[in-house]
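Trainee: Could you take me through one part of this model in detail? I would like to look closely at a place where two chains meet.

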Amino acid sequence: MSEVGSDAVSSGGRGRVAHVGRKTRWGHVLGTVFVLAWTLPPFLYLILLSVKPEPLMVERSVLIFWPTFERYRDVVISNFGAPIWTSLVTSTTGALFTLILASLAGVTFSFLDFRGKAALFLLILLPRMFPPVTTLIPIQLTMKTLGLLDTRTALIILFTGFQIPLAIWVMRTFFDEIPRELVESAALDGASLPTIVTRVVLPLAGPGLLTAFILSFIFNWNEFLFPLVVTGLNAKTGSVVLMSFDTGYKKLQYGSLAVLGVVMTVPVILFVLSFRAALVRGLTAGALKS
Amino acid sequence: MRWATLGRGRFYFFLLMLPAVLYVVAWRIAPALYTILLSFTQYNIVYDSGPTWNHLQNYGRLLHDSGLLESLRISVMFTGAATAVELLVGLGVGAFFDSDPPARNLLLGIFLLPMIMAPVVVGTIWAILFDPTIGPIPYLIQVLHGPRVEWLGSSVLALGGLVVADAWEWSPLLALLLFSAMQTIPREQYEAARVDGSSGWQLFWRVVLPQVRGMVIVAAGLRFMDALLELDKVIVMTGGGPGASTGFVSYYVYRQAFQAYELGYASTVITGLLVLLAVVYGLYLRNSSRMLRSANV
């Protein structure tokens with residue numbers, strides 16, 4: 001399975017280029033136009049709205065105007081800044097914890113054979129099949145009991161747990177590709193297990209770690225339902241604030257709404273465009289988790 | 001792998017694995033089990049000090065809950081429509097990427113954006129696009145002398161609007177999965193078909209589609225199960241309204257738990273849904289492993 005993803009990204013024409021006729025070229029043009037027309041206009045409109053001056057907001061025919069960046073400045077200095085910062089801190093910390101726990105477990109799942117391994121692996125993947133609503137209630141109750149409601153700690157605890165199954169699954173496909181002889185010869189040379197893991201295995205699985213980290217970060221950043229029920233005022237995340245704009249009394253501040261939408265999307269776009277190949281591979285593996 | 005040299009190393013290996021396993025059990029599996037336990041109790045967080053056992057009363061209520069049935073019906077309608085659209089777009093775009101267009105990887109990256117960005121932002125974008133005062137879609141219809149419609153304000157169109165937003169968000173996933181399945185088809189088969197004089201359309205129907213059939217079923221199944229419990233976009237775009245026209249089943253649970261504070265009964269509904277999903281999932285697993293093997297993925 002893992003080969004499919006990388007293959008899909010890296011391999012080029014595979015001898016089909018010679019057969020590209022005029023018909024195919026038209027197909028390519030049409031397809032490209034469709035893909036761009038499908039994806040981009042909603043983004044572009046959001047960006048347009050985010051810099052549109054307030055008086056022109058409802059003038060939908062006005063597409064050319066002198067842009068205003070005041071609202072972006074407001075995000076930094078006003079109280080929108082805090083939720084974005086919370087999102088950033090909790091998503092990053094959560095993804096790092098996930099990476100530590102999942103990479104260690106991934107090493108064992110990849111390198112060691114033991115009885116009950118398949119069952120244990122299934123147990124770890126099982127939560128990925130539960131829809132999020134199934135754990136919403138107990139988790140809110142637990143956080144309340146622990147006195148962690150409305151804290152960043154609560155978010156970090158949850159984010160770490162959410163992404164472990166995916167991270168193990170993604171990293172295992174990378175670990176499985178490390179030549180066993182390499183590890184065995186290191187062991188025969190007398191390297192201890194911690195040395196083997198930190199000096200041989202983890203460096204070789206670098207792209208896998210990166211993929212798992214980026215995917216975990218993005219999913220944490222996007223998470224909405226759990227931050228909504230475990231945070232209130234102090235530890236609101238960007239997505240929760242965005243929602244309160246969508247549905248609350250602030251609904252008419254379309255400009256600020258659009259700015260928040262853009263800010264919430266920028267990190268995702270940067271990651272996707274810089275690590276396309278790794279993400280495509282990770283997402284393909286992740287979607288076929290079962 | 002079995003290392004002759006491992007010796008005591010096996011023990012360290014188990015130590016490496018333990019934290020992750022414990023963590024997942026504590027924060028993912030135990031809460032799910034607790035939800036099932038709560039489903040047998042009366043627990044309104046406002047009136048009751050703690051959950052009290054009420055035998056199978058909740059389940060009796062479940063069977064006669066017409067609101068739940070209605071929300072299930074709406075969810076299934078939404079899910080069916082969304083999955084169908086996504087499958088269609090996914091097949092077309094997947095085939096397009098499979099034909100090695102120029103700048104394919106860049107286009108693929110762009111096309112995948114909606115599924116990777118936050119669902120809340122997707123909901124926000126579409127709420128803006130459909131908005132009667134600032135949305136371009138009602139404006140375009142007005143310019144073209146079409147009827148004045150309140151997209152998210154009328155029951156049929158609100159459901160349609162959610163389907164459009166969902167299709168925008170998730171067609172990329174199906175395109176990605178179908179594309180990677182299509183990549184495994186040996187290229188010689190395409191050339192043989194070309195030499196035999198078949199058109200591109202015939203090629204798609206006779207050569208490509210039969211070989212990705214397994215992935216079509218797997219991908220549509222994945223999407224179906226996820227869309228059935230769609231919640232984020234409902235909260236952001238329609239809040240279940242107008243009326244109860246977009247009150248999906250997850251939204252029903254959400255309201256029971258966090259607005260009516262009926263934690264016990266909400267858990268019962270969740271457990272019922274889990275059983276329903278498990279049945280679908282069992283059928284799906286039975287087919288998918290076979291299909292995946294035949295699709296070589």
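Mentor: Let us look at the interface of chain B and chain A, and then at one residue of chain B. This is a predicted model, in which local features need pLDDT of at least 70, side-chain atom pairs count only at pLDDT 80 or more, and totals for chains, interfaces and linings use all residues. Residues are numbered from 1 along each chain as its sequence is written, chains are lettered from A and ligands numbered from 1 in the order in which they are written, and side-chain values use heavy atoms, with hydrogens and water left out.

In this pairing, 106 residues of chain B are in contact with 103 residues of chain A (contact means heavy atoms within 4.5 Å). Together the two chains bury about 9,500 Å², with 76% of it on carbon and sulfur atoms; buried area is the accessible area (1.4 Å probe) that two parts lose on being put together, summed over both. On the side of chain B that touches chain A, helix α1 (residues 9-38) gives the most, with 21 residues. Helices here are DSSP runs (H or I, at least four residues), numbered from the N terminus.

Ile74(B) counts as buried because its relative accessibility is 3%, and buried means under 20% relative accessible area (1.4 Å probe, protein chains only). Leaving aside residues up to four places away in sequence, Ile74(B) touches several residues, including Leu159(B), Ser245(B) and Phe248(B). Ser245(B) is 171 residues from Ile74(B) along the chain, yet their C-alpha atoms are separated by 7.4 Å.

Definitions and conventions:
Helix = DSSP H or I, 4+ residues; strand = E, 2+ residues; numbered from the N terminus. Buried < 20%, exposed > 50% of the residue type's maximum accessible area, 1.4 Å probe, protein only.
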